[in-house]
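Subject: Structure handover

Hi,

Here is the structure for you to look at. Please open it first, then read my notes below.

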Amino acid sequence: MDLNGKIAVLTGAGGGIGRAVAQKLAHSGMKLVLLGGHSREKLEKTRALVEPFAPCVLLPGDLTDLTFLASAVEDAAKAFGGIDVLINNAGTAQSTPFEKIGIEEYDRIMAINVRTPFFLMQKALPWLKKSGSAVILNLASVVAHAGYPLQSVYSASKHALLGLTKSVAREYHKDGIRVHAISPGGVYTDMVKVSRPDLSPEGMIMPEEIAEIVHFLLVNRGNAVIDEILVHRVGKEPFLV
Ligand SMILES: NC(=O)c1ccc[n+]([C@@H]2O[C@H](COP(=O)([O-])OP(=O)(O)OC[C@H]3O[C@@H](n4cnc5c(N)ncnc54)[C@H](OP(=O)(O)O)[C@@H]3O)[C@@H](O)[C@H]2O)c1
């Protein structure tokens, strides 16, 4: 698929994987709507990196805020007059003993990791159906396949996101909408420093490597369809999950 001029809505682009994806897609000529994120300053930094290559609109806000979520897709679609690609990247992790998780932390993690992609996908459907080359891409995780200590809610949320991805992929296959999951192991971002303080930066996946995978899934729209890409750190044993 020629990405030039296609419209991508990307969540969580203020840093980490999201910023690297925004840069990669801008270099391919995509128009970008950077949706969600608490820090306008971080999003402005991403915009400064991508705008020399592609038009970019910022829609900052807390995606767990139901009022913001309700109008987010409509506002994103209005920015360039449609949506071809939706990338659900915004997310949060934890490093908390199971016994210490309160309802507030549980709800916060589930809201951004599951509820947000659920309703962004649902509200984006009318636009995606009109696209003719629509793609939804969900950032899951290796924890969508395995359970890690201290990551009970994170793991539950990514298992849920993967289930949701599978279901939506099958339901809208008939409409030509491709729905993929990418499930990485440790990527060197702010998140992993909190969720996996035991990991050292050496050997971790770089955000730019995930951006390459996103780009690969978007441009290769042939007859060989990849549902999910599961990717682990170089030092980790292969085929472990
Ligand atoms: N890093 C890893 O090892 C790894 C591995 C597997 C999967 N993943 C997944 O990859 C995705 C990106 O992670 P990352 O490592 O790049 O993390 P990151 O650097 O912490 O980025 C997460 C992004 O999500 C945004 N976000 C979080 N809560 C939000 C909310 N309530 N409303 C709007 N935006 C919100 C953040 O915005 P603010 O900073 O402004 O709050 C930030 O831009 C996540 O879904 C994560 O679960 C990461």
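A residue counts as buried under 20% relative accessible area, as exposed over 50%, and as partly exposed in between (1.4 Å probe, protein chains only). Leucine 150 is partly exposed, at 42% relative accessibility.

Some ground rules. This is a predicted model, where local features need pLDDT of at least 70, side-chain atom pairs count only at pLDDT 80 or more, and totals for chains, interfaces and linings use all residues. Residues are numbered from 1 along each chain as its sequence is written, and side-chain values use heavy atoms, with hydrogens and water left out.

**Two positive phi angles**

Leucine 150 is not a glycine, yet its phi is positive, about 70 degrees. Leucine 150 sits in the loop between E5 and H5. Helices (H or I, at least four residues) and strands (E, at least two) are DSSP runs, numbered from the N terminus. Phenylalanine 239 also has a positive phi, near 55 degrees, and is a residue other than glycine. Phenylalanine 239 comes in the segment after strand E7 (228-231). Phenylalanine 239 is exposed, with 83% relative accessible area.

**The ligand**

Which residues come nearest to the ligand? They are His38, Lys42, Tyr154, Val187 and Thr189, out of 29 residues around it. A residue is near if one of its heavy atoms lies within 4 Å. By class, this shell has eleven nonpolar, 15 polar and three charged residues. Ala, Val, Leu, Ile, Met, Phe, Trp, Tyr, Cys and Pro count as nonpolar; Asp, Glu, Lys and Arg as charged; the others, Gly among them, as polar.

Now the atom pairs. A side-chain N or O atom of lysine 42 is 2.7 Å from a ligand oxygen. A ligand oxygen also lies 2.7 Å from a backbone N or O atom of valine 187. Glycine 37 has a polar backbone atom 3.1 Å from a ligand nitrogen. Helices H1 (16-27), H5 (152-171) and H6 (190-195) are the elements that give two or more residues to the shell around the ligand.

**Two buried serines**

Serine 141 is in the loop between strand E5 (135-139) and H5. Is serine 141 buried or exposed? Serine 141 is buried, with a relative accessible area of 5%. Serine 183 lies in strand E6 (residues 178-184). Serine 183 is buried too, at 0%. The backbone oxygen of serine 141 is 3.5 Å from a polar side-chain atom of serine 183. Serine 141 and serine 155 are 14 residues apart in sequence, and their C-alpha atoms are 8.4 Å apart in space.

Best wishes

Key
A polar contact is a pair of N or O atoms within 3.5 Å; within protein, one must be able to donate a hydrogen and the other to accept it, and residues adjacent in sequence count only if both atoms are side-chain atoms.
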